[in-house]
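Visitor: I am new to this structure. Please take me through one part of it closely, and then show me what lies around it.

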Amino acid sequence: MRVIVADMYMRTRSETIYTSNSTDICQQLTVALGDSIIISPSEPSYPVLSTENWSRTAWKRPSCIARPSRTADLQKLVRRLTGQNIPFSVRAGGHNPAPFAANIDNGVLIDMSNFNHTRYYPHKSVATVGAGGRWRGVHNELDRYNVTVVGGRVLDVGVGGLILGCGLSYLSDLYGLTCDNVVNFEMVLADGSIVNANAHHNQDLFQVMKGGANNFGIVTSFTLKTYNINQVWGGIKSYSLDQLPALFAAMQEYQSQPKKDLYANLMLQAFTTNASVGAVLNMVYLKPVVNASAFAPFYSIPTTGDTTKIQTLTQMMSGQRVPDLTRWDWFITNFRPTASLYQKISNIVTKAPELAAIQSTAGGSFAIGVQPISTNLIQKGKDHGANVLGLNNVNQTWFVLDAGWILSEGDAIVHNATRALTARIEDASRKEGVYEPYKFMNDASWDQDVISSYGVEGQRKMRQAQRKYDPRMVFQKLVSGGWKLPKGN
């Protein structure tokens, strides 16, 4: 049944009925905007641009690719597309592996990569960042001033997708999610108008954009708060896979500290189908302090490698690597941590039969990511003007299950196996009474119901904003990819 659901999704989203209209509109757009902005399939740059997405699961064949560099051109583009009911997709960095989240068949792909500026305003302690930039460029520019933002942990990830999916940062325990550190969204609405959403103007749109994905418009730039953080202690500690139970026990102790040290942040990853890689602990202390006591639960566990040292935060993040596989899928689940649950999860992710199904595909690999979330992170969202995520203010773990493979023949097998592994963990957390409903969009798979996890009130606010800012539901009907607001009153 699950294979059928997956296949149905692929078929429904790809067999759009607008093929001829999409081709016609591409010709019109070329006349209106010029061939330097509109890239057709016959042009040499098209193959590279259409496959710029990080995972091949998101590779599609758009009718043409639009690459505006000015807001005025983007406005013209949106007016033409919406005026003729042409389906389109919007891509910032293209890191999300979800099919059609940032690409399209038989429609227009809007590539935002030319909106890639980073401008620092020290008198306001903010930076304006283009929605099509990458975090490497943002962090490198701000390093010149010894400041940073609550930004991406992986430098090649795009700015727009991370923020619109909420965004988790090594600074989040201190200052909240990335979306909670936005002080202004500059965006183009479905009618082609440009608006600013902030604490003083369009406050309702400002709130729903913090978790709103691509449901309301196309963001051109974000204004983010900056912080005086540059030199840190951090890096990667590596472990053999047989240390995973000890690492889970240390994680539970780390998360149970009565007063969380907000300058300490980490993420545990374990490659449970690849003992040669084992487990890695990405850890950072946001001051130049060696071996901070906050990480004491981990210090006694033998390592196979250690790159921790005093360095800039950007240097620390540049040491992280992503396995070289061509296709990816991931799932998210959330729970309040307990020692007994971590023991059960350790058993599931190393012994469950679904692991063999993943490994049966070409290059099939599986990994987990353990992301501890503190109550301060959640409170900061409220302090910064509130979001629509509906997070319970308790210490929790955002647990991600990653699967990578090589060939498209394995898509349904891997997706369904990883989904089943997620269900096993959720069943265990429900039985312990520690399941948390919120699903972190940046780590969610395409068929996880993310926005429903925000709760009734968050969805109500989003529907109100949708009726006001996108009354024709353009971003529901024409922009088919991504996580959409469920139907309701």
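Guide: Start where helix 9 meets helix 12. On the helix 9 side, the residues in contact are L244, P245, F248, M251, Q252 and Q255. On the helix 12 side they are A339, Y342, I345, S346, V349 and T350. This is a predicted model. Helix 9 covers residues 244-255, and helix 12 covers residues 339-351. Their axes lie 9 Å apart. The packing angle is about 150°. Angles over 145 degrees count as roughly antiparallel, so helix 9 and helix 12 are roughly antiparallel to each other. Their crossing is right-handed.

Now stay on helix 12 and look for another partner. That partner is helix 15. The axes of helix 12 and helix 15 come within 10 Å and cross at roughly 160°. Helix 12 is therefore roughly antiparallel to helix 15. This crossing, too, is right-handed. From helix 12, the residues in contact are S340, L341, K344, I345, I348 and V349. From helix 15 come L421, R424, I425, A428, S429 and E432. Look at I345 and V349 again. Both meet helix 9, and both meet helix 15.

Next, follow helix 15 itself. Helix 15 runs over residues 411-432, which is 22 residues. At 1.5 Å a residue, helix 15 should span 32 Å. Its end C-alpha atoms are 32 Å apart, so the span agrees. After helix 15 comes G433. The phi of G433 is positive, near 75°.

Go on into the loop between helix 15 and helix 16, and find Q448 there. Helix 16 covers 456-469. Q448 has 8% relative accessibility, so Q448 counts as buried. What does Q448 touch, leaving out residues up to four places away in sequence? The contacts are W330, F331, I332, T422, K439, D443 and W483. Take F331 from that list. Q448 and F331 are 117 residues apart in sequence. In space, their C-alpha atoms are 7.7 Å apart.

Past helix 16, stop at M473. M473 sits in the loop between helix 16 and helix 17 (474-477). Its phi is near 60°, a positive value in a residue other than glycine. M473 has 30% relative accessibility, so M473 counts as partly exposed. S125 also has a positive phi, about 55°, although S125 is not a glycine. S125 lies in the loop between strand 5 (118-121) and strand 6 (126-130). At 37% relative accessibility, S125 counts as partly exposed.

Finish with the cysteines. How many disulfides does a search of the whole structure find? The search finds 1. The disulfide joins C26 to C64, with 2.1 Å from S to S. C26 lies in helix 2 (residues 19-33) and C64 in strand 2 (residues 64-66), so the pair ties together parts that are 38 residues apart in sequence. The torsion about the S-S bond is about -85°, so the disulfide is left-handed. C26 and C64 are both buried.

Now turn to C166. The cut-off for a disulfide is 2.5 Å. C166 counts as buried, at 0% relative accessibility. C179 is buried as well, with a relative accessible area of 0%.

Conventions. Residues numbered from 1 in each chain as written. Predicted model: local features only at pLDDT ≥ 70, side-chain atom pairs only at ≥ 80, totals over all residues. Heavy atoms only, no water. Helix = DSSP H or I, 4+ residues; strand = E, 2+ residues; numbered from the N terminus. Buried < 20%, exposed > 50% of the residue type's maximum accessible area, 1.4 Å probe, protein only. Expected span 1.5 Å × (residues − 1). Axes fitted to C-alpha atoms, helices over the stretch in contact; angles between N-to-C directions. Parallel < 35°, antiparallel > 145°, perpendicular 65-115°, else oblique. Left-handed = near helix turned anticlockwise from the far one by under 90°. Contact = heavy atoms within 4.5 Å.
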